[in-house]
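Good morning, everyone. Please look at the model on the screen while I walk you through it.

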Amino acid sequence: MQKFEHGGQIYNTDGTAEDWLDFSANINPLGLSEKIKQALIENIGGVVNYPDLNATELKKAISSRYEVQLENLILLNGAAEFFYLYLNVKRPRKVLIPVPSFSEYERAARAAGADVEYFYTRAEENFKIDAKKLIAQDADCLIIGRPQNPTGALISLDEIKMLAEKFDVLIDESFIDFLSAESARALLSEKISVVQSLTKIFAIPGLRLGFAVADKNLAAKLNLAKDVWNVNFLAQKAGAVALSDENFLKETRAWLTVEQKFFVERLRNLGVKVFKPAANFVLIKLDSQEIASRLLKNLKQRKILVRNCANFVGLDERFLRLAIRSRAENLKLLKAMEAIL
């Protein structure tokens, strides 16, 4: 596997995307809301024009939904854009990354010329991030997922405040809308910036949409450094509509509360090690690389994709990440796993 490979690689498989059941990408299985579909249909003709440079409608929707000030806001072509933007503007000497974690943190840090230091978390401790040990490390920038991907570990706000006493802290909350946890946006300061994806919760990864909040002076620099048309016309329209749909968010959290418990219990009944999830995905560990390899091969033959975690720093071929999908889809995966294992 390549070091910076990702899930959702349905284009590298036989057949069409519709032929595959994709558990390798952590996208809301409720799919596009009717409001987003209607907004895309109604506005398709608008793609003949350039997007709004100021993205006024979308910014107002984000400001209202998440209670953030416009002067702190940076709009993004997906959350991943922020790591490159932030690190190229800030130019830290050394970036500290608790691992395993999303590989784009490291890729962006190296692209900005920074040294990268890993802080290894342990499977035996459910990959908990020990903030007291973390703060003793030598670095000037720290990047943490909240929750971490692929482990689901969720660092507390108090721990983030402590870490910000030493590091510039970049918090990735790409999955926070699936949870009832308070966002780290409440801690926004010169030392703490927060980025959030909107593509996962609203099932629009193909449109690419996210936002970040930073200290107003840093936000001004970051906005000057990015492409002025980085958020396309349809993404702006879809995002503005999506953020006003409170019912969709409530339905999503209600689904996850039920389905996460069901999925985890059934996986444990199969005899695999299941790590406690915090969002819409689960990390599991098989007894051996041979068993994991056989499972991956046989699932692929059944047109089911799961995330091989061998290229995550700190994991190996025994670890797999599974998205939590609809009950019917989850049952299909579980029955296939039972037959194979």
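**Overall build, then one residue**

Buried residues make up 55% of the 341 residues in the protein chain. Buried means under 20% relative accessible area, exposed over 50%, and partly exposed in between, with a 1.4 Å probe and protein chains only. A word on the source: this is a predicted model, where local features need pLDDT of at least 70, side-chain atom pairs count only at pLDDT 80 or more, and totals for chains, interfaces and linings use all residues. Residues are numbered from 1 along each chain as its sequence is written, and side-chain values use heavy atoms, with hydrogens and water left out.

Next, the fold. The protein chain has 11 helices and 13 strands. These are DSSP runs, numbered from the N terminus: helices are H or I with at least four residues, strands E with at least two. The radius of gyration, taken over C-alpha atoms, is 20 Å, close to the 20 Å that the globule rule gives for 341 residues, so the chain is as compact as a globular protein of that length. That rule is 2.2 Å times the number of residues to the power 0.38.

Now one residue. Where is Asn72 found? In the loop between helix H2 (56-66) and strand E2 (73-76). Asn72 is buried, with a relative accessible area of 10%. What does Asn72 contact, leaving aside its neighbours within four places in sequence? Its partners include Leu188, Asp215 and Lys216; contact means heavy atoms within 4.5 Å. Take Lys216. It is 144 residues from Asn72 in sequence, yet their C-alpha atoms are 4.8 Å apart in space.
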